[in-house]
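Please consider the following briefing on a single protein chain, shown below.

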Amino acid sequence: MAAPRKSAQQVAAREKARAKARELTERHEKLIDLAAEFFEQQEQADFIRSDARQKADALIAKAEQDAESAVHAAAERVQAMLNAGEGRAAVAARLGISSAEVKRMADMVSQQPDENQEVPADEHAA
């Protein structure tokens, strides 16, 4: 059997090289696609975390507002007890808090104007 011609060997080598290059190019394209998907998923994770932080901050702000409202309502109850003639020490003992806390709550109520209270007529003219 005769040895294949040199030009036939070159053609076969080129075809083999082209096939290998196609294979490497396809692999490279697949890796590029996977990298792009990776970055998309990373961005999605960052967005989810950011959105969750915003929702949590809003929830905490609302809870703080509600808690402050409840504390003010509790302070109003303390003030009502004091207005009913109960002494500061007796109110403190009844509620299990210190006299200083009773004073703080009473001050809280007295510092905030009562929304239901009408402004006297002489203050309207000022």
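Helix 3 comprises 13 residues and reaches 18 Å from its first C-alpha to its last, close to the 18 Å expected at 1.5 Å a residue (the expected span being 1.5 Å times one less than the number of residues). The model is predicted: local features need pLDDT of at least 70 and side-chain atom pairs pLDDT 80 or more, while totals for chains, interfaces and linings use all residues. Residues are numbered from 1 along each chain as its sequence is written, and side-chain values use heavy atoms, leaving out hydrogens and water.

Faces of helix 3
- Its buried residues (under 20% relative accessible area, 1.4 Å probe, protein chains only) are Val102, Met105, Ala106 and Val109.
- Seen down the axis of helix 3, these residues fall within an arc of 100° (taken from the directions from the axis to the C-beta atoms), so they line one face of the helix.
- Ala100 and Gln111, both exposed (over 50%), lie on the face turned away from the buried side.
- The buried residues of helix 3 pack against helix 1 and helix 2.

Whole chain
- The protein chain has four helices and zero strands (DSSP runs of H or I, at least four residues, and of E, at least two, numbered from the N terminus).
- Of its 126 residues, 8% are buried.

Methods. Contact means heavy atoms within 4.5 Å.
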